[in-house]
Amino acid sequence: MRRHYEIVVVGGGVTGLMTAALLARGPQSDAMQVTLVDAGPRPAFPADDEIALRVSAIATGTAELFDSVGAWDTIAATRTSAYDAMHVWDANDTPESQSGLHFDAAEFAVPQLGFIVENVLLQHGLLRSLGDTSVEMRFDTPIRSIRKLAQQFRLELDDSTSLDADLVVAADGARSFVRSAVGIETKEWPYEQTAFVTHLRPERPHQATAWQRFLREGPLGILPLADGRVSVVWSTTPAIAEQALAAGDEQLGRMITDASDHVLGKLEVAGPRGTFPLCARHAMRYVLPNLALVGDAAHAIHPLAGQGANLGLQDAAQLADVVSAAIDDGLHPGDKPVLRRYERARKGANATMLHFMTGLNRLFTTDSVLIGELRTAGMRAFNRSGPIRERAVKVALGVS
Ligand SMILES: Cc1cc2nc3c(=O)[nH]c(=O)nc-3n(C[C@H](O)[C@H](O)[C@H](O)COP(=O)(O)OP(=O)(O)OC[C@H]3O[C@@H](n4cnc5c(N)ncnc54)[C@H](O)[C@@H]3O)c2cc1C
């Protein structure tokens, strides 16, 4: 007789919601009951609100994943901002310098390189797509404890109820409660940088381009928003980030205009502000019997290339595939050998991206003149290296 599996997804960020949507819309949805629990309130997206502070660059390949669960139409119909080009340059050079890197959608035969989307809009799209599935959603319900039974986990919730799960998917973010409660250790590499985030109105049009200037304290990313403003992610020293947070609008505008080398002319502050301390973190393992980590619960990386959420969403896709294939083959989806297939597919890929981002950040933040010269030569060589350049861009687009 076919078994019915209880799957509990902990965390209603983009990764948890995507995992639930893929499972509930997948080929084995009849064989499982999916419940999603989140500590916070159900995310709301009033379309006439201001553009939210937190936005993410979503690669073209990741947008296709949203489309596969019927969430992209809602997202695209609202206020996503497609970007067609990416321009990267070093603080030692001008934006127009030969060693600057420029990528264009046309060059890679794609309609756009990606989209800048509010995180809460991604959640909203997924919640709408989950609306016509059997997934049970419990917001405002932190989990209080988790303990192993013979072949399940028991989750005690804050409202004094409990859930027994054949498979727990921990999507509860970088400080994952589940990960530490089950004793999975992490490796950490502090960046000694803080990301300062705000929106600004540029004097010149953003040209649907994602701009990135590598400063010695860390990279400054300038992302185009749908209403002509830009969202800035400025990874810098904690002291400068504090100063930016405390500065008046005029002073902050000047600070970021200078940091951007005036690439879009004068930048005027036009939005809320926030800071996020940065640290690379990788779980030593992604799976235990009856449990898998996905998204930031498994890995946190530097935001410099806008890959964190994209990696988590790829985890969700891989895990959902592995679970469905296992059920199809008559296997228990919580068995360790089944879950190891997911771990094998994702852990190495995520580690490569994590270390690449850490290395890139280090390469650009060094003061050494020699390294500076090598960096400039390397960027020029990269510009001329057709296949390597193409491969790197395909990975970033999520279409490799
Ligand atoms: C400044 C900055 C800029 C970034 N820019 C980009 C970008 O451009 N592109 C990109 O791809 N990525 C970007 N990222 C990374 C991206 O934001 C994260 O990778 C992504 O949001 C992680 O999603 P998640 O669902 O895994 O975790 P989270 O978004 O952290 O969600 C975790 C969820 O778990 C819930 N939770 C926590 N504890 C419990 C508990 N005990 N019980 C129940 N629920 C719980 C929380 O309420 C939350 O809803 C950026 C990150 C930063 C800091």
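Which helices and strands each supply at least two residues of the shell around the ligand?

What we have here is a predicted model, where local features need pLDDT of at least 70 and side-chain atom pairs count only at pLDDT 80 or more, while totals for chains, interfaces and linings use all residues. Residues are numbered from 1 along each chain as its sequence is written.

Now back to the question. The elements are α1 (14-24), β3, β13 (186-202) and α8 (308-328). Helices (H or I, at least four residues) and strands (E, at least two) are DSSP runs, numbered from the N terminus. With four residues, α8 gives the largest share of the shell. Of the 33 residues around the ligand, the nearest are G13, G173, G295, G306 and G308; a residue is near a molecule if its C-beta atom, placed from the backbone, lies within 6 Å of it. By class, the shell has 15 nonpolar, 15 polar and three charged residues. Here Ala, Val, Leu, Ile, Met, Phe, Trp, Tyr, Cys and Pro count as nonpolar, Asp, Glu, Lys and Arg as charged, and the others, Gly among them, as polar.

Next, the domains. The protein chain has domain 1 (5-44 + 119-185 + 284-361) and domain 2 (81-116 + 190-279 + 366-397), with bounds from an automatic or database domain assignment. Each of the two supplies at least three residues to the ligand shell. Their centres, taken over C-alpha atoms, are 31 Å apart. Six residues of domain 1 are in contact with ten of domain 2, and contact means that C-beta atoms, placed from the backbone, lie within 7 Å.

Let's look inside. The largest nonpolar core has 104 residues, and I7, V10, A20, A21, V168, V169 and A292 have the most contacts inside it. Such a core is a set of buried Ala, Val, Leu, Ile, Met, Phe, Trp, Tyr and Cys residues joined through C-beta atoms within 7 Å. Our friend α8 gives the most to this core, with ten residues.

One last stop: P43, in the loop between β2 (32-37) and β3 (55-59). Why is P43 called buried? Because 20 other C-beta atoms lie within 10 Å, and a residue is buried at 20 or more, exposed at 12 or fewer, and partly exposed in between. Leaving aside neighbours within four places in sequence, P43 is in contact with V120, Q123, H124 and L127.

Terms used. Contact = placed C-beta atoms within 7 Å.
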